[in-house]
Protein chains: 2
Amino acid sequence: MTAPLHKARPAGAGRALPDTQQGMRRRNLARVMHTVSAAGTLSRAAVASRIGLTRAAVSTLVEELIRTGLLEELGPERPGRVGRPGSALAVSGRGPAGIGAEVGVDHLAVCAVDLRGEVRSTATRHGTNRGRAVQPVVDELRELVRGVVAEAERAGLWPAGLAVAVPGLVARDARTVVRAPNLDWRDTDLTGLLDVPFPLSVGNEANFGALAELWLGEGTPRDFLHVSAEIGIGAAVVVDGGLLHGTRGFAGELGHVPVRPDGPECPCGSRGCLEQYAGEEAVLRAAGLGPGADRVGLLAERAAAGDADVRRALRDAGTALGVALTGAVNLLDPESVVLGGALAALAPWLLPSLESELDRRTAGPACPVAVSRLGSEGPLLGAAHSVVRAVLDDPGVVAERGEPRMGPGSSL
Amino acid sequence: MTAPLHKARPAGAGRALPDTQQGMRRRNLARVMHTVSAAGTLSRAAVASRIGLTRAAVSTLVEELIRTGLLEELGPERPGRVGRPGSALAVSGRGPAGIGAEVGVDHLAVCAVDLRGEVRSTATRHGTNRGRAVQPVVDELRELVRGVVAEAERAGLWPAGLAVAVPGLVARDARTVVRAPNLDWRDTDLTGLLDVPFPLSVGNEANFGALAELWLGEGTPRDFLHVSAEIGIGAAVVVDGGLLHGTRGFAGELGHVPVRPDGPECPCGSRGCLEQYAGEEAVLRAAGLGPGADRVGLLAERAAAGDADVRRALRDAGTALGVALTGAVNLLDPESVVLGGALAALAPWLLPSLESELDRRTAGPACPVAVSRLGSEGPLLGAAHSVVRAVLDDPGVVAERGEPRMGPGSSL
DNA sequence: ACTAATTTGTAAAGCGCCATGACGAAATAG
DNA sequence: CTATTTCGTCATGGCGCTTTACAAATTAGT
């Protein structure tokens, strides 16, 4: 018989739902939703045996979920086994929808995702947002949201919330963009500017990308490190299926991990930060390329064509990434490292040096490095899905046809 | 209205206690215990208002906790206010006890802590364990435990579990010492060797030290990085009041974070690891001192006496620590960094360079660095308290006079 | 001193939620 | 065509918290 060192959090502290019968009911509603969602289609009896409740209890839970439009009854299952066939249940495709939005440096994008995880409506607008004032960008975004919501509503969905991914630091209240250097945003509270008739949350692009990987990626573990590079280099730390935010919400600043303490100066005030070796600007300079549009695509193209300078630049960037990741892996012992965002597109030329560096420097079995298949879609999908997950995690509130319960910033 | 990016874990997954009425009851028992424990002395009505249950419900919970010996009724409170005075409740000083043990390189120590957190019995044995076979060390430890348990029992306590702190890597099952270089232990399962008639868990010394800091330190936040150095340099990552273990239980290997990628070779296979600059051996060498007994004390003594070589060595070690911590702080955004173990004793000479390095390298407000006041007592106290916390976290099992519920390794 | 007000702890009744056990319904196996 | 198995539901019951009521013990006010 063994004892855990200690459980994550003391019982009774920071609990999402109170320990009352109502709270229990709501948690069980959530368990039913998650179970059906994970299986796609499931009978009441199957749900009951999976979550450990009785068929009778599940029946009443399902009845409530169907009544509130979160589950659908598809009818009798194809019986392959003996006994009365169950009635197939599925997550409803006509209930609440999660609206995701992305404010990129060069585009705006919005999408609606239903509870099943299907993308039901999208809208995109290209054109740089660098150097523009905040208000016009927000106005454009609001128009895109309006259109996507309208289309979703025509499909029988209703918006349960909006999550906005931005390329910058977001405070823990999930409302304020503390700073987004490439948009020139600073201390911008989007709730005031982009007022929508449903709950709004704001999050870092890389974090949403990691969540997308967690929720949508196949075989993605519950503990991993997601690294993505757009302009800066950001990492998201996923621990036990949840994002590690840090005290101020700034966790994951991999770009400013020191790689060589006496290296070149970095605008952040330090020297030899990872960004000085593997940041977009540094790589372009090392590759002998100037700034311009779609530089990542250009890098990939030249590298594929065999350009020696570009390949060397990417190889060196991979080495620097490997050094920084060695530190991160030693500290966090993740199950894997996932390269997302622009790094995914450049992975073929980054990986060899990155992995060899990581292997050389870590004792024992090396931490596997995977490449995201979501690519640039990650942040947008992650944002939309974060709203969907909020509904799945607490269907009770939607049951009252209010909006999903939304407290202040997550505590993990 | 704002939405969290996402809550730590999906509802219904990885829950410690099942979502049944019994589970609810047990969680509420735990909430009562934690509330009384935190306040020291509290009336039923005060508990009720703090945890949000009614007085009637708390009455029945308290009745059960008193009946099982976890709470005591101290009698009427001194009334300072109008109204009938409450009856003071306190955590029992004669119930279950947590037994903590520490296998150090140069000593063995055992102690018993009651639910109130008081140390009720201790035993220590000095003498090196380096190079000895496992069995004789374990036999000695068992004798110490036997003595401490006997004394605790004479005081009306009974052992609820034993937690052993070891200077090495422990697998996530909290049973197996994967390797402890300075003891020459490898894949050692202590449950088999040290068989005791109550639950046993094993943990890393630095981790227990961090937990002690979390539970016993004043003003210690729920998110911090605890750094300690005995032979190697270990860090413990505390997130939201729980330890981050990592996939294999190896999280916190700060000693092998690269400081200078081309630095001196490290036995781990990498180059320029932090240990090559701030490890005990490296510091002694830089200070011009050879190996010997109580080398940390010697360093502190010489540094206090003004020895320039020693001071320089410690200053340089502080700088290297600062570089490694910059990476960790950027990645985790902790509320503070706490120096424990040997680092606490040497803090006066490490801190200046460490803090200046950290300040220089982090943008925005720097992460405060604190020094542990627990010092070398930390790991032992943390181990004993981990058992106590397990009881407080689930008093329901003790109520059945079984041992505290103990699943496999913690999930965070 | 005596009454009014306030607060505490407990007891009885009630309600919500899940478990238990029984039943009809719908399929397969022989 | 019957026996068996499984599914979904209903009635009943247990358990846990809330509500309501009340006695006990204190302070405040006259």
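A polar contact here is a pair of N or O atoms within 3.5 Å of each other. Keep that cut-off in mind as you move through this predicted model.

Widen the view to the elements that give two or more residues to the surface near DNA strand D, and you will find helix 2 (44–51) and helix 3 (55–67) of chain A, along with helix 1 (21–39) and helix 3 (55–67) of chain B. Helix 1 of chain B gives the most to this surface, with four residues.

Now select DNA strand C, which is surrounded by 27 residues, the closest being A:Gln21, A:Arg25, A:Arg84, B:Arg84 and B:Ser87. Of the atoms of DNA strand C that come within 4 Å of the protein, sugar and phosphate account for 64%.

Stay with DNA strand C and pick B:Ser87, whose backbone places an N or O atom 2.5 Å from a phosphate oxygen. Then compare the side chains of B:Ser59, with a polar atom 2.6 Å from a phosphate oxygen, and B:Arg44, with an N or O atom 3.2 Å from a phosphate oxygen.

Finish on helix 1 of chain A, which supplies the largest share of the surface near DNA strand C, namely four residues.

Notes: Residues are numbered from 1 along each chain as its sequence is written. Chains are lettered from A and ligands numbered from 1 in the order in which they are written. This is a predicted model: local features need pLDDT of at least 70, side-chain atom pairs count only at pLDDT 80 or more; totals for chains, interfaces and linings use all residues. Side-chain values use heavy atoms; hydrogens and water are left out. A residue is near a molecule or strand if one of its heavy atoms lies within 4 Å of it. A polar contact is a pair of N or O atoms within 3.5 Å; within protein, one must be able to donate a hydrogen and the other to accept it, and residues adjacent in sequence count only if both atoms are side-chain atoms.
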